[in-house]
Amino acid sequence: MRDHRRGEHAPCPEVWTGRATNRYQWLLALIGAACMALGIALAVDSAWTSGVAPLVMAVVGCIAAGLLVLFGTLAFVHVALRVDEEHLEVRCGHMGVPRRRIPLSQVAGAEFAPHVTPRHWGGWGYRWRPEKGTAVVVRRGEGVVLQLWDGHTFTVTVDDAEAAVHVIRDRLRPHRPGATR
């Protein structure tokens with residue numbers, strides 16, 4: 001819930017936090033867990049009559065595929081954005097890895113992007129495209145696009161991205177000498 005109407009500029013909080021979640025990736029995580037369960041079931045219930053090598057390959061393959069899908073999707077179920085006085089920090093998943101911390105001194109500008117989609121970035125997750133820059137995309141929707149002083153861009157999907165842009169822009173404004181923050 002907002003304390004101000006859209007378009008109004010409220011005083012910036014000391015620390016702004018935002019988050020975006022993709023509930024559909026839980027389904028992919030469930031598929032990964034099912035692959036692991038299949039590998040374990042093959043290892044436990046197999047008759048071992050056709051030879052050890054094919055059984056080991058099937059078990060290892062199922063468990064490896066399951067782990068990759070499970071941990072790959074759980075890492076990008078949600079993204080958390082935190083903006084304080086000096087840094088912007090993006091953390092992914094429940095463990096906060098991968099994480100990117102960008103000093104605001106490296107940010108030239110921030111833009112609101114109303115429609116960021118995984119399709120434009122090649123899927124969910126931490127993405128890089130030479131013509132577009134780097135992005136953390138966990139769902140379709142609004143996001144923040146940062147222009148960095150080195151010419152790169154960094155995009156992140158987050159709920160209430162417009163408020164994040166206002167906070168970032170306010171922190172980028174040069175403050176008068178002697179003024180208190």
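The model is a predicted one, and its secondary structure comes to four helices and nine strands. The protein has 181 residues, of which 36% count as buried.

**Helix α1**

- Helix α1 covers residues 25-45, and its 21 residues reach 30 Å from the first C-alpha to the last, which is close to the 30 Å expected at 1.5 Å a residue.
- Within α1, the residues Q25, A29, G32 and G39 are buried, and because they cover an arc of only 75° around the axis, they lie on the same side of α1.
- The other side of α1 carries L27, L30, V44 and D45, which are exposed.

- Strand β8, residues 141-148, runs antiparallel to β9 and is joined to it by five bridges, with V144 standing opposite V156 in β9.
- Strand β9 itself, residues 153-157, is mostly covered, as four of its five residues are buried.
- The hairpin of β8 and β9 has four residues between the strands, and in this hairpin G151 takes a positive phi near 95°.

- E89 is found in strand β3, where it counts as buried because its relative accessibility is 10%, below the 20% under which a residue is called buried.
- The side chain of E89 makes a polar contact of 3.2 Å with the side chain of R99, and a further polar contact, of 3.4 Å, joins the side chains of E89 and R101.
- R101 is found in strand β4, which is made of residues 99-103, and with a relative accessibility of 41% R101 counts as partly exposed.
- R101 and L88 are 13 residues apart along the chain, while their C-alpha atoms are separated by 5.8 Å.

**E85 and its surroundings**

- E85 is found in the loop between β2, residues 78-83, and β3, residues 87-92, and its relative accessibility of 31% makes E85 partly exposed.
- The side chain of E85 is joined to the side chain of R171 by a polar contact of 3.4 Å.
- E85 and D170 are 85 residues apart in sequence, whereas the distance between them in space is 9.9 Å, taken from C-alpha to C-alpha.

**D160 and its backbone**

- D160 is found in the loop between β9 and α4, the latter made of residues 161-172, and D160 is partly exposed, with a relative accessible area of 24%.
- Most residues other than glycine have a negative phi.
- D160 has a positive phi of about 55° although it is not a glycine.

**Aromatic rings**

- The structure holds zero aromatic pairs.
- One ring does have a charged side chain over it, as K132 lies over the face of W121 at 4.9 Å from the ring centre.

Conventions: Residues numbered from 1 in each chain as written. Predicted model: local features only at pLDDT ≥ 70, side-chain atom pairs only at ≥ 80, totals over all residues. Heavy atoms only, no water. Phe/Tyr/Trp six-rings, centres within 6.5 Å; stacked < 30°, edge-to-face > 60°. Lys NZ or Arg CZ within 6 Å of the ring centre and 35° of its normal. Helix = DSSP H or I, 4+ residues; strand = E, 2+ residues; numbered from the N terminus. Buried < 20%, exposed > 50% of the residue type's maximum accessible area, 1.4 Å probe, protein only. Polar contact = N/O pair within 3.5 Å; in protein donor to acceptor, adjacent residues only side chain to side chain. Pairing = 2+ DSSP bridges. Expected span 1.5 Å × (residues − 1). Arc of directions from axis to C-beta.
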